[in-house]
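Subject: Structure handover

Hello,

Please find the structure below. My notes on it follow.

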Amino acid sequence: MKPAAALLVLALATPAFAQTAKIEVPYTQFTLPNGLRVILHEDHRVPMVTVNVWYHVGSARERTGRTGFAHLFEHLMFMGSGHVKPGQFDEWLEAAGGDNNGSTENDRTNYWINIPSSSLELALFLESDRMGYLLDTMTPQTVDAQRDVVKNERRQSYENRPYGMADIALGEMLYPEGHPYHWPVIGYMPDLTAASYDDVVAYFKTYYAPSNASLVVAGDLDTAKARALVEKWFGDVKAGAPVDPITVPGVALHGVQQKTMTDKVQLPRLSLAWLTPPHLAPADAALDIVSDILAGGKNSRLYKRLVYDMQIAQDVSAAQNSQALSSHFLIEATPRPGHTVDELKKVIDEEIAKLQRESPSQHEMERSFNQIEASFYNRMERTGGFGGKADQLNAYITQTGDPDWFNEDLGRYRALSASDVQAAAAQFLPKDRRVELTVMPEGSK
């Protein structure tokens, strides 16, 4: 999931665009004695509430030889806790008309529950019980069972999915051995096999504490009553020891790294990737616009040339993949039968060079504005789930310490000019410092 900042409305500093109205997301914030940061937001449009928890731990907190723990816990957190037998978590939520999910990334793990507002206390009880009492019922057998589930997920999502292993190879090429982004979020098979029950318990005690988490409760609620319920259910959860911040040396590419791998696919695929500034750092927003101008829809430069005009590509995409420690810019393209990745790479390099020489047009800037604005307002219509308002509030407090960072984030985009976008492309997409990964069909020459 793209960080919340990239979902926000884009308002550019140019006379062609009127300044957007200030976004108002009223909230109440407090911190429990155990360190849990809590944000409450009222939204009475529908009789639903969402309980959204972010643990400030992801696969970046793992180490060489012990990968996959963060994602493994995403599974273990649904397998029962001190006062909830295995299976009851989902059973009770479904009986109340609720649903839930979670996800793991490099920098965080999140869980959310959407439920009718009349059942808010049930959701808070369930969420607090697995935060405070998961280890009461977790056994070596539970860990082994979920370890097998994760292994099967890895086989399905990577090893047996077309081009799936290329995603893992890209991280290994971009980041050196030992860097927190070198290994995949789902982990390596030997590490999952080697993980002991004691390893898993130690990981939970270190990172799954209220002092290393933030909770957003949003929707059809009364703030005073919701606060009382949060204090009731989360107040007795024991605080954990402080977690030290991640410190890693800067990372850079000093040349072109090339690799060709084979897969059970019918067509080759080209991936070009560059290391770029971290999320919210200078140029991060500008690179969002670079990606949109190059490959954001059918009117983008690369789609128009490769797919529509020349008809040598099946598809093409580009994205600024923003992360806390370091981001990467990725362009991927699949040639049509009878054409090669070298043909695509030549055109891609031409279009990047053109953007590096000349500022994008006013029309292109306006198109990017419209697309990102539409995406933002569509997501703002939802309070819960992935990318809804609760998720964005949690993203901001995690990334900046301030849940009400909507308008500051908009300011990054409002300050952009067309020349800023050109400069970002010139500085961060050099032809001589990047990763070039090609996936070829098995048996091809």
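In these notes, buried means under 20% relative accessible area, exposed means over 50%, and partly exposed lies in between (1.4 Å probe, protein chains only). The model is predicted: local features need pLDDT of at least 70, side-chain atom pairs count only at pLDDT 80 or more, and totals for chains, interfaces and linings use all residues. Residues are numbered from 1 along each chain as its sequence is written, and side-chain values use heavy atoms, with hydrogens and water left out.

T104 has a relative accessible area of 13%, so this residue is buried. Its side chain makes a polar contact of 2.6 Å with that of E74. A polar contact is a pair of N or O atoms within 3.5 Å; within protein, one must be able to donate a hydrogen and the other to accept it, and residues adjacent in sequence count only if both atoms are side-chain atoms.

T276 is also buried, because its relative accessibility is 7%. The side chain of T276 reaches the backbone nitrogen of H328 at 3.3 Å.

The protein is divided into domain 1 (25–234) and domain 2 (256–441), with bounds from an automatic or database domain assignment. Their C-alpha centres are 28 Å apart. In contact (heavy atoms within 4.5 Å) are 40 residues of domain 1 and 45 residues of domain 2. Between the two domains there are three salt bridges, each a side-chain nitrogen of Lys or Arg within 4 Å of a carboxyl oxygen of Asp or Glu. E381 and R45 form a salt bridge, with the closest N and O atoms 3.4 Å apart.

Regards
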